[in-house]
Amino acid sequence: MDDAARSRRLRVGVVGLGRLWESRHKPSLARRPDRFQVTAVYDQVARRAEIEAGQLGCAACDGVASLIARPDVDVVYLTASQWFGPHAAFLAREAGKPVYCALPLAGDLDELERLAARVDESGVVFTPEFARRCYPATTRLRDLLATTLGRPRLIVGQSWISGYDRYAQPGPGTRIASAPLAVDPGGYLLDWCAFVLGADPTAVSAAGARVLSRRATAGDDRDLDFDSFTARFPDGATAQVSFGLYHRGEWGEADRFLPPSGFQVFAERGAAWVEMPDRVRWWDAEGPHEERLPVDPTVGDVLNDQFYRLVVGEPSAAPTIQDALAVARLVAALERGRAEAD
């Protein structure tokens, strides 16, 4: 990319509208008009795209291919799961346009392997969204581990999921897509543990249970109410994380006395308790400490800044499709192990 390209705004085509777009990316992109300009939108509900286009003063496209082919679209944002899945990512790759992908990708390893091979072959930028890496609590935890607490040795955690929101509301309490728990949030939690521990797992195992699911069928993990994984790392560190659906209809306000979602992180010189997205408590030789961290810049600001830097050739901490592929392989290993155990 030449010097002129480095200084220009990225013209954004958005595929898939909903709360993830509304609450995370739309306001973030609007705060940086020097870097981003939304020029086209598409959604499987045409009226939704028309309304959004009217608000943004951009084009509403009648198809994914037509949006990607537009000369005024430089990069493509995939921000909500739609009926065509990751097909838009293949089209964008063929058009040579960078992709920001907020969709969970760990559910189909074979398809992701094909996409990764094509992305690597072409050199087109592809950034998967691993938002938990950018939560203020994660950033502070990594700072503490690098200074006060020392090398992490064990993560023990649990995450309550309130359900799937069809408009993809982001956050620790909801899933991005209607997918097996092992994919979402399991894949994202595997990535978070690897990010905190600084290495990829060498072995993983899973255990799950059905409690209230009414549509359970033999061998169909989409109906698990609870799931968990144990991941072992090269230097002997371990992560044990459970996650499950919270059925408010049956359990009411029981979450008021149940243990909250959070992660215990045990290190060589202390321990920490992390509640996403912004709370960290830790203990060291000096005693207890607690911080409630400001969410500024927002998670969307951090994610979009990383993507922008990667596209224009600046140093960036943005994950790549290889990171997504590593997670998908771990999820596939979990599912194979579960099938063998059955």
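## A parallel pair in the sheet

Let's start with two neighbouring strands: E1 (residues 10-15) and E4 (residues 75-78) run parallel and are joined by four bridges. Helices (H or I, at least four residues) and strands (E, at least two) are DSSP runs, numbered from the N terminus, and two strands count as paired if DSSP finds at least two bridges between them. Within this pair, Gly13 sits opposite Val76 of E4.

This is a predicted model, so local features need pLDDT of at least 70 and side-chain atom pairs count only at pLDDT 80 or more, while totals for chains, interfaces and linings use all residues. Residues are numbered from 1 along each chain as its sequence is written, and side-chain values use heavy atoms, with hydrogens and water left out.

## The whole sheet and its helices

E1 and E4 belong to an open sheet of six strands, ordered E3-E2-E1-E4-E5-E6 with parallel pairing. Strand E3 (59-60) and strand E6 (126-128) are at the edges; each has a single partner strand, so one side of each lacks a neighbour in the sheet.

Helix H5 (residues 87-94) packs on this sheet, touching E1, E4, strand E5 (99-101) and E6. Contact here means heavy atoms within 4.5 Å. The direction of H5 makes about 175 degrees with that of E4, where axes are lines fitted to C-alpha atoms (for helices over the stretch in contact) and angles run from 0 to 180 degrees between N-to-C directions. Helix H10 (residues 299-312) lies across E1, E2, E4, E5 and E6, at about 150 degrees to E4.

## Buried residues

The largest nonpolar core has 100 residues, and Val15, Tyr77, Leu78, Phe126, Ile155 and Phe229 touch the most other members. Such a core is a set of buried Ala, Val, Leu, Ile, Met, Phe, Trp, Tyr and Cys residues joined through side-chain atoms within 4.5 Å. Leaving aside residues up to four places away in sequence, the contacts of Phe126 include Ala89, Val99, Cys101 and Ile321.

Is Arg35 buried or exposed? Its relative accessibility is 12%, so Arg35 counts as buried; the cut-offs are under 20% relative accessible area for buried, over 50% for exposed and partly exposed in between (1.4 Å probe, protein chains only). Arg35 is in the loop between helix H2 (19-30) and strand E2 (36-42), and beyond four places in sequence it touches Arg9, Leu10, Asp305, Tyr308 and Arg309.

Asp184 and Pro185 are joined by a cis peptide bond, with omega about 20 degrees. Pro185 is placed in the loop between strand E9 (174-175) and helix H8 (186-197). H8 is mostly covered, with 11 of its 12 residues buried, among them Tyr188, Trp192 and Leu197. After H8 comes Gly198, with a positive phi near 75 degrees.

Strand E15 (residues 279-284) then runs antiparallel to strand E16 (residues 287-292), joined by six bridges. These two strands form a hairpin with two residues between them, and Val280 faces Glu291 of E16.

## Confidence

The mean pLDDT (the predictor's confidence in each residue, from 0 to 100) is 89 for the protein, and 90% of the residues reach 70 or more. Residues 1-6 stay under 50, and residues 216-221 are also below 50. Where pLDDT is low, the predicted coordinates should not be read in detail.
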